[in-house]
Amino acid sequence: MSRPPVLRSLQTIVPDTVLVQDQVRDVFAQQPGLGRLAQRIVTTSFNVSGIDTRHTVIDELSLDSEATDPVFFDRGSGMLLAPGTKARNDFYAREAAKLFVEAARRAIDSDPDLEPADVTHVITVSCTGFHAPGPEYEIVRALGLSDAVQRFHLGFMGCYASMPALRAASQFCAADENAVVLVVSVELCTLHLRSSENPDTIVASSLFADGAAAGIVTARDLPSASTGLRLDRFHTAIAPEGEKDMAWTIGDTGFEMILSTAVPQIIGETIIGALRPLYGVEEGLGEAFEAGSVGDAVQHWAIHPGGRSILDKVQERLRLSDAQLHPARDVLRENGNMSSATVLFVLKRILEVEGASTGDRVSAMAFGPGLTAESALMTVVASPGS
């Protein structure tokens, strides 16, 4: 029987420029032409977001910026500018490439048993820009990986996309016991922030941020006791009634996020049915889930912090403790919603900060357009053979 795959060597990166939430709120609220109602929505959305700071690749958004020819923000007038989609995507192609390569390099360098020559597959994830050759190609070339490495890119899937990336990596390992799969997510959401009176756009502007994460999935029997996450099981569910409440489209002045205030309620109404198949096939967990005590059986919860109200609704419906929501809320508070990369930040925090021990169970979930709920059950291990 083949060994189960393990996610190891998780690494995360945020850009250097910090956005302080209160300062960004004031900029958005003071945009010319914004009506009084929209100003109130801006103030409320930013104040209740659960976010203190975010990060961006756009240096001119820094309070210390002295950009002479601004593209996104004119500090002199305080106006948010409206560059076209091409300008935003060109910025993405340049800045995302750096983060994809650096995150991948850190994941490999941090692994005590693997080196670039061991990598057999590369899966990249992003929904905030496009170009070809794509990021999976750039990683192969920049890190000196074999030209024969199998390359895959999951694009424009939204916030949940790192979960199917991990699932695909797990399936590659099941098909080839020697597979070493590099998974890298980079999202530059701030490239698409804009001033608007649309409540959905305002909510999105109060949440989204930039970040990168990478890890290695393999079932190889490696010598070092490197802490990781055994990938036990995955499940996908759709709440079609939320299809119009969470969407991601391309406009003339950037990508446009629809994130309605109905999303937390829809998640709350559908999450029990969405997660039941994940736990029901395992003795003990299924019973705990039906009894409303799955939080006692699964110690750690890596919930994608799509927003504070989403976390509140998940906690309420699954009866989870404040401690179990702590890693997700902390990632949201410090980094905002970095789309697909965010759940990997939460998993890393569980492994390194929250005191996870070998044998602990970890439940991960992320939500995105569709309305799609991706979930996974994992186990903390010290090596692939654990």
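This is a predicted model: local features need pLDDT of at least 70, side-chain atom pairs count only at pLDDT 80 or more; totals for chains, interfaces and linings use all residues.
Local features here need pLDDT of at least 70, side-chain atom pairs count only at pLDDT 80 or more, and totals for chains, interfaces and linings use all residues. Residues are numbered from 1 along each chain as its sequence is written, and side-chain values use heavy atoms, with hydrogens and water left out.

A salt bridge is a side-chain nitrogen of Lys or Arg within 4 Å of a carboxyl oxygen of Asp or Glu. The count by this rule is 25 salt bridges.

Select Asp113 and Arg8. Their closest N and O atoms are 3.3 Å apart, which makes a salt bridge. Asp113 sits in the loop between α3 (85-109) and β6 (121-126) and Arg8 in strand β1 (residues 6-13), so the pair ties together parts 105 residues apart in sequence. Helices (H or I, at least four residues) and strands (E, at least two) are DSSP runs, numbered from the N terminus. Both Asp113 and Arg8 are buried (buried is under 20% relative accessible area, exposed over 50%, partly exposed in between; 1.4 Å probe, protein chains only).

Next, select Asp26 and Arg25, a salt bridge with its closest N and O atoms 3.0 Å apart. Asp26 is partly exposed at 32% relative accessibility, whereas Arg25 is buried at 17%.

Move on to Glu290 and Arg276, where the closest N and O atoms of the salt bridge are 2.6 Å apart. Glu290 lies in helix α8 (residues 285-290) and Arg276 in helix α7 (residues 263-280), so this pair links parts 14 residues apart in sequence. Glu290 is partly exposed at 48%, and Arg276 is partly exposed at 36%.

Finally, select Asp52, Asp330, Arg333, Glu334, Arg349 and Glu354: salt bridges that share partners join these residues into one network.
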